[in-house]
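Work through the exercises below with the sequence and the structure at hand. Try each task before reading its solution.

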Amino acid sequence: MATIAARSTSSAVSCGRPARNSVQVRAALKPSVKAAPAVSTAGANQMMVWQPINNKQYETFSYLPPLTSDQIARQVDYVVGNGWIPCLEFADASQAYVSNASTVRFGSVSACYYDNRYWTLWKLPMFGCTDPSAVLTEISRASKAFPQAYIRMVAFDNVRQVQIMSFLVQRPRAATDYCELSKRSVA
């Protein structure tokens, strides 16, 4: 191995290549591309860090503040208007998050499974639902039946056979796992 390395080194020198320390590397940019301006260290001091304590998020609209009743109604209208199948699910706070205690592992026999993503169904999915008020009525009934549970609405597309969206419609009143937007990051 040493003889091969020695031969390749000697052949490189004999080919007339310049020595390594004499080669200058130059970066060329297209004329239309400008280099990004340098960021001062003051800019780095303004960066924020995600707050991992009591800042758990759920599903599609987790980055937003909790949805109001009117916003939930508009989302239900959107789901029903697109012909998707609404479905309500609920879970106790202790089972709502993935953890080693609440996870069922199937091993290598199931592809693309989700750890503890399946909550208990509230009745059956609302196949053929064309009335958004029926979905809102079921949300209200589920909230009255399980006031201390997380409740989410899931929308399925029966043509593509996929879940389209899912979002919380109720967070337990006693839940302490949510941060206001202004407290989600720290400097």
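**Exercise 1. The elements in order**

In which order do the elements of the chain run from the N terminus on?

Solution. The model is a predicted one. Begin with the totals: the chain has four helices and six strands. Then follow the chain from the N terminus, where the elements run α-α-β-α-β-β-α-β-β-β.

**Exercise 2. The sheet**

Describe the open sheet: its strand order, its edges and its twist.

Solution. Step one is the order. Four strands form the open sheet, arranged β3-β2-β4-β5, with antiparallel pairing. Step two is the edges. β3 (120-122) and β5 (162-170) each pair on one side only, and they are the edge strands. Step three is the twist, which averages 35 degrees from one strand to the next.

Now take one pairing by itself. Strand β2 (residues 85-92) is joined to β3 in the antiparallel sense over three bridges. In β3, T120 is the residue that stands opposite F90.

**Exercise 3. Helices across the sheet**

Which strands do helices α3 and α4 lie across?

Solution. Take α3 (residues 69-81) to begin with: this helix lies across β2, β4 (149-157) and β5. Its direction is at about 160 degrees to β5. Next, α4 (residues 132-145) lies across β2, β3, β4 and β5. Helix α4 runs at about 125 degrees to β3.

**Exercise 4. Aromatic pairs**

Solution. A pair of aromatic rings is described by the distance of the centres and the angle of the planes. A search of the whole structure finds four aromatic pairs. For Y78 and W84 the values are 5.6 Å centre to centre and 80 degrees between the planes, and the pair is edge-to-face. Y78 is partly exposed, at 48% relative accessible area, while W84 is buried, at 12%.

For W122 and F146 the ring centres are 6.2 Å apart and the planes are at 90 degrees, so this pair is also edge-to-face. W122 belongs to strand β3 and F146 to the loop between α4 and β4, so the pair ties together parts that are 24 residues apart in sequence. W122 is buried, with a relative accessible area of 13%; F146 is partly exposed, at 32%. Together with F90, these two residues form one aromatic cluster.

**Exercise 5. A charge over a ring**

Which residue lies over the face of W119?

Solution. The residue is R152, at 3.9 Å from the ring centre of W119.

**Exercise 6. Sequence and space**

How far apart are P66 and E180 in sequence and in space?

Solution. Locate P66 in the loop between β1 (49-50) and α3. P66 is partly exposed, at 49% relative accessibility. In sequence, P66 and E180 are 114 residues apart. In space, the distance between them is 9.3 Å, C-alpha to C-alpha.

Methods: Residues are numbered from 1 along each chain as its sequence is written. This is a predicted model: local features need pLDDT of at least 70, side-chain atom pairs count only at pLDDT 80 or more; totals for chains, interfaces and linings use all residues. Side-chain values use heavy atoms; hydrogens and water are left out. Two strands pair if DSSP finds at least two bridges between them. Helices (H or I, at least four residues) and strands (E, at least two) are DSSP runs, numbered from the N terminus. Axes are lines fitted to C-alpha atoms, for helices over the stretch in contact, and angles run from 0 to 180 degrees between N-to-C directions. Contact means heavy atoms within 4.5 Å. Rings of Phe, Tyr and Trp (its six-membered ring) pair if their centres lie within 6.5 Å; planes under 30 degrees apart count as stacked, over 60 as edge-to-face and the rest as tilted. Buried means under 20% relative accessible area, exposed over 50%, partly exposed in between (1.4 Å probe, protein chains only). A charge sits over a ring if NZ of Lys or CZ of Arg is within 6 Å of the ring centre and within 35 degrees of the ring normal.
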